[in-house]
Number of protein chains: 2
Amino acid sequence: MTTLKQLAKLLNVSVSTVSKALSDADDIGEETKKRVKELAETLNYKPNKLALGLKSNVTNTLGVVIPDILNPFFAEVLYGIQKQANKKGYDTLVCISNESTQTEINALELLKQGRIDGFIISPASETIQTNNFSHLDAAKNERIKFVMFDRVDNKIETDKVSIDDQKAVFDATEWLISKGKSKIAYLSNIENLNISSDRRNGFHEALAKHKIDPNPNFELNLTNIETAHKTIESFIKTHDFDAAISVDNNSAIMFQSLLKSFRPELVDQITCIGFANAKTSKLAYPPLSYINQNATKIGEKAVDLMIERIKDKSDNPSYKQIKIATDVVEV
Amino acid sequence: MTTLKQLAKLLNVSVSTVSKALSDADDIGEETKKRVKELAETLNYKPNKLALGLKSNVTNTLGVVIPDILNPFFAEVLYGIQKQANKKGYDTLVCISNESTQTEINALELLKQGRIDGFIISPASETIQTNNFSHLDAAKNERIKFVMFDRVDNKIETDKVSIDDQKAVFDATEWLISKGKSKIAYLSNIENLNISSDRRNGFHEALAKHKIDPNPNFELNLTNIETAHKTIESFIKTHDFDAAISVDNNSAIMFQSLLKSFRPELVDQITCIGFANAKTSKLAYPPLSYINQNATKIGEKAVDLMIERIKDKSDNPSYKQIKIATDVVEV
DNA sequence: TTGAAAGCGCTAACAC
DNA sequence: GTGTTAGCGCTTTCAA
C-alpha cells in the first residue's frame, strides 16, 4: 500500500503538504497539487481507511446482522442494503446470526469494536421467542446507533423499517375474496416469529370484514419443515377449499406443487398466493401471484434511516418507524 | 468506547501497564493485573480494532465478493464463509457485484484500503464473458492475497475452491442412466458462465460411456428467464423423454412443475435432478433428488485456504486448487 | 505556500 | 514491576 509518507519522500515535500494537496486545500500551490496528484495516481494511492477511522471516529461502514441468509427475503434485503450503502459511500460488515441469540450477541461484540458507525439488524427468531433483547438494550445504553428491520419490536426504542404485516395479508386475503374465494387455507411456517400474529390478524380481519367465518382447521402450521409436506397433503386430501394464502416465502410453492400431485383436477380452480418475489414466483407453474414485500426497498430505507441517524448529533432523537408498502402482484 | 487511556487514568497507572496487564504480560504484578482486568470488565472495554489494524497491519477481516446473493448457492457459500471465518476469529466485509464487472472493480477498491487481510471472490458473469480479469491481475501485482471459488479461471494464479463440475454432472447423469433412463433432457440457465461447458462435458461424457447418442434438441438453454417457461413447455409437449437434468439451481423445479401441468400422466415416469440443497429440493413435490454442491463446505474451505495463505509469508507460494466432492442425494 | 507537531488507540522496545 | 517513547497513516492547527 502506498502511503502519504512514501509520496512525500518521493516528492521531497512534507506529509501534510501531500495530504492537503490531495484534498485540494486552497493553501497549496497549483503546481504542487498537480505533481502530488499525478504521483498519487501513478502509484495508485488509496487512503488507509483504518487510519481515517482512527483519526475521525467515522468509519463509513455499517454493520449488518441478518438472521438467515438462505431465506430469499433476507437475501434481498441485504441486496438492498448493499446497494444503497455503496451508493451513499458506506461499506457493510455483515454477520449472520443463524437465528441464534448467542451468535447475534457475538456479532454485536464484533461490530462494537470501533469499526462501524452504526448497525442494521433483524433479530434472530430465538431472540424473539425468548424475548431476550438485553444486548440491544446494552447497545442503546452505549449510545450505539442501530436500525431494526422486518422483525421489529415495540420494546426497543430505535428507528425501524418493516412492512405493514397485518395490512399486507389483509390486502392479499381481500384480493382472494374479490376473486370469489371464501374457503381459504392459511399457511405459515413462521409461527415462531412475532410478525406471525400480525399477519394472522390481517387474515382474520379480512374474513371478518367479508363475513366469512374463520375455520381453525384451515390454518396450517408448517414451521417444522420435516412434517410440512405431510400436513399439506393431508389437508388437501380431506378439505374443501378454494384458495390458499401463505404468509411466508415457501409454503405457497409447496402447496401448489402438492395440489398438482394429489388433486390435479382442482389446480385450475384454486388460487394460491404467498410472500415472494418476481424470481421465486416463477419457480412454480403457473407462476404464483404474490405479495411483494419490496425487500430491496426495506434494505434501502434501513440504510437511509441509519445514515440519517448517524448524521443526527442531537441528544434527544425522535425515532422513526417506517412501513414499506406491499402490493399484490397478479401474474 | 472505553479506551486504554481512560482505564489508565482511572487506575493511576500508565497506558502501557494497562495494555500489558490485559495481555497477561509476565512483567506486571498480579495485583495490578487484577485491578486492571476488573475495571476493564466493568467498563466493558473492547480493544479498538482500527487501532490494532493500523499498528499491526493485521485486521482479521476477510473481504468477500459475491456475484448474486439471491442465488441460493452463493447465499449458502456465504453462510459457510461466515461460519468458518467467525470460528477462526475473522470478520467479513461483504460486497455483492451483482454480476457486473464495474461493481466488482469498485468492490475491490473498497477492499484494498487497508482493512482486509485478503479476499474471497467468485467473479461476476460479465467478468467471465468479457474475459476481463485485469482487476484481479492488478490485485496480484499489489501482492493482495485472494481465493477464487466456484467460477474459477485458469488464467489467474491463486488458490481456488470449486466442485468438479464435469464429474458432478457426469455422476448425476450416470445415476439417471442407472435408473434405466436414456432420453435425458439437459436444462441450463447458466450458459453465460465458464463452468457451463464443464458441466455439459460431464453430461456428454456419461452419455458416451453408455453409448447413448446426444441429441441437441434435448439441450435447453434457459438463460433468459423470461422465455424459460415457454421453452420448457414447448419441449415437454413435443418430445419423448424419460428424465431431465438441470445444471443450475432452478430449472429442475420449474421443469417438474411444468411437467405436472402439461403432461401430468408422465410425472411418475420422469426423473428430474438438478443442483440444489435440502431446502430448495423440498420446494418441489415430490421433493427432487439433487446434486449437492456442498456449498457450505466450499465457503469453509475457501476461508481455510485464505487463512493459510495469509499466514504463509513465503515469497513463492504454491497455490492450491481444491475440488469439493459433490454427491447425488436421492430423496 | 509549506512544514512541524500533536493526537486518534494501540503495542513493544527500552529505560528506570 | 512500571513508565516512557516511538510509530502505524492520517488530518489539522499553528508556526514559519
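Colleague: How do the residues of the surface near DNA strand D divide into nonpolar, polar and charged?
Modeller: There are 9 nonpolar, 9 polar and 6 charged residues on that surface. Here Ala, Val, Leu, Ile, Met, Phe, Trp, Tyr, Cys and Pro count as nonpolar, Asp, Glu, Lys and Arg as charged, and the others, Gly among them, as polar. "Near" asks for a heavy atom within 4 Å of the strand.

Colleague: Before I go on, what kind of model is this?
Modeller: It is a predicted model, where local features need pLDDT of at least 70 and side-chain atom pairs count only at pLDDT 80 or more, while totals for chains, interfaces and linings use all residues. Residues are numbered from 1 along each chain as its sequence is written, chains are lettered from A and ligands numbered from 1 in the order in which they are written, and side-chain values use heavy atoms, with hydrogens and water left out.

Colleague: Back to the DNA, then. How many residues surround DNA strand D, and which are the closest?
Modeller: DNA strand D is surrounded by 24 residues, and the closest are B:Ser16, B:Thr17, B:Lys20, B:Asp27 and B:Lys55.

Colleague: What does B:Lys55 have 2.4 Å from a base nitrogen of DNA strand D?
Modeller: That is an N or O atom in the side chain of B:Lys55, a polar contact (a pair of N or O atoms within 3.5 Å). A:Leu4 uses a backbone N or O atom instead, 2.6 Å from a phosphate oxygen.

Colleague: Which helix gives the largest share of that surface?
Modeller: H2(A), with 4 residues. Helices are DSSP runs of H or I, at least four residues long, numbered from the N terminus.

Colleague: New topic: how are chain A and chain B related?
Modeller: A rotation of 180° with 0.0 Å of shift along its axis superposes chain A on chain B, with RMSD 0.0 Å, using least squares on the C-alpha atoms of residues with pLDDT of at least 70 in both. The two copies are therefore related as by a two-fold rotation axis.

Colleague: And why do you say the copies meet through the same surface?
Modeller: Because 100% of the interface residues of chain A are also interface residues in chain B.

Terms used
Polar contact = N/O pair within 3.5 Å; in protein donor to acceptor, adjacent residues only side chain to side chain. Helix = DSSP H or I, 4+ residues; strand = E, 2+ residues; numbered from the N terminus. Contact = heavy atoms within 4.5 Å.
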